[in-house]
Amino acid sequence: MASSPPGSPTDDENPKPDSNHTDPNPTAIDALARQIQESLAVGNRHRFWETQPVGQFKDLGDSSLPEGPIEAPTPLSEVKPEPYNLPSLYEWSTCDMDDEGTCAEVYALLTNNYVEDDENMFRFNYSKEFLRWALRPPGYFRSWHIGVRVKASRKLVAFITGVPARIRVREDVVLMAEINFLCVHKKLRSKRLAPVMIKEVTRRVHLENIWQAAYTAGIVLPTPVATCRYWHRSLNPKKLIDVGFSRLGPRMTMSRTIRLYKLPDSTTTPGFRKMEANDVAAVTRLLREYLGQFAVAPDFDEHDVEHWLLPQENVIDSFLVESPETHEITDFCSFYTLPSSILNNPNYSLLKAAYSYYNVSMKTPLLQLMNDMLIVAKQKDYDVFNALDVMQNESFLKELKFGPGDGQLHYYLYNYRIRNALKPAELGLVLL
Ligand code: MYA
């Protein structure tokens, strides 16, 4: 999951670059250290995670441990051939996302039970088209789209998914599963169903001879490889304030706030246009070169770029800069569409949010590229534009009037040790 709080209200509708917030990274690391200490202090052990091949809190800072796989693969003949046992009222059900009815059931489960912000004001509302896109990349396995149903009624009550991805960690390209959309119906929480689902997806991933995974979560588990923060750029400040996503800053009026966030009507970079199918080769070259600088990043080929970056209405938007003189493709930027349901508001039910995805600045300054993307997002009627502090995003966030959110997003690797936690700027990976 781009598992993060769907809406993290910013403190102040008027981001003041220097005085408003301290630099979020030391704060994030301090907060993480505190959360780990607290969870250990109250004897609050991770009964499940302590048994798994992931970095353990007790090993934090032990630089004698090698980087790389924690456990070697086992022979496929030793992978358990039958599914894990579920409580007797429930059964496993592989979900065929091509099937309209099944896709609608998954959509309904997530829309009603998936990630909420800390104050339960917003809940992610991934669209059906988005789910189909996220779950069917090149080489996907249907068997990794795992549902749990009530035997008697066939009602879908839990879900977890994986998709295959080549992820480079420093010099090594590792075939991994990206795990996402872990969800247990609200009425079935705290019954230790999640560990069984995680073990079952692990088993099915192992059956394809894949032994590593990547995932993100808003909660602290053993042990993050990086801790990032979402930043939010208001596009429709009045609505964001009306629904409680953000607040009017001190000494700010609504009309001053609206003026503060106003954007030009049209983009400014000559040659800025939507990506098309025949740009795939050029965009792949650009992205591969650019992502090479980060410690952890996807290893995209043309098939991946075609799937993950070619525009799809209300799912993924991608733009590039084609030099008007040479027709060379020099820059690229993209965002995905992930609305959130607004819970309990009489006037609004949906927050339309754009999430920064992969951006490559070679010739056009990143700040200018992102400003053009904000302009497009505003034209397309998004309420807010969100971006993590990954890659080079720190370089534009404050200047383009993004404000820091209050939630964190932790990145994890399964069965792969990294010696020291990475800084957000060392991460070249965005999960949905
Ligand atoms: S992150 C999005 C997670 N989903 C939500 O937040 C939606 C709303 N919440 C829920 O639906 C439930 O609360 C969930 C937990 C389903 C999250 N990641 O069954 P339980 C551990 C990993 O009693 P419930 C995403 O999708 C928890 O620490 N573990 O709890 C990425 C505890 O273990 P331990 C989690 O609340 C998912 C145990 O589960 C998470 O009823 C990546 C409690 O189980 C979490 N987000 O259900 C999954 N939340 O005692 C890992 C709780 O040890 C993939 N827990 O602390 C690993 C790689 C697998 C593939 C490997 C291949 C090689």
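In this predicted model, a backbone N or O atom of Val184 lies 2.9 Å from an oxygen atom of the ligand. Taken alone, the ligand exposes 1,200 Å², of which the protein buries 89%.

The shell around the ligand comprises 34 residues, and those that come nearest are His46, Trp49, Leu182, Ser190 and Ala194. By class, this shell contains 21 nonpolar, nine polar and four charged residues. At least two shell residues are supplied by each of β5 (172-184), α4 (193-206) and β6 (212-217). Helix α4 provides the largest share, seven residues.

The largest nonpolar core has 80 residues, among which Tyr336, Tyr357 and Tyr411 have the most contacts inside the core. Helix α7 (residues 280-291) contributes seven residues, the largest share of this core. Because domain 1 (28-226) and domain 2 (229-413) both give residues to the core, it lies between them. A second, separate core consists of 29 residues, including Ile160, Met197, Ala213 and Ala217.

Burial was also considered for helix α3 (residues 128-135). Six of the eight residues of this helix are buried, and the helix is therefore largely enclosed by the rest of the structure. The buried residues of α3 are Phe130, Leu131, Arg132, Trp133, Ala134 and Leu135.

Methods. Residues numbered from 1 in each chain as written. Predicted model: local features only at pLDDT ≥ 70, side-chain atom pairs only at ≥ 80, totals over all residues. Heavy atoms only, no water. Core = buried A, V, L, I, M, F, W, Y, C linked by side-chain atoms within 4.5 Å. Buried < 20%, exposed > 50% of the residue type's maximum accessible area, 1.4 Å probe, protein only. Helix = DSSP H or I, 4+ residues; strand = E, 2+ residues; numbered from the N terminus. Domains from an automatic or database assignment. Near = heavy atom within 4 Å. Polar contact = N/O pair within 3.5 Å; in protein donor to acceptor, adjacent residues only side chain to side chain. Areas by Shrake-Rupley, 256 points an atom, 1.4 Å probe, with all protein chains shown as cover. Nonpolar A, V, L, I, M, F, W, Y, C, P; charged D, E, K, R; others polar.
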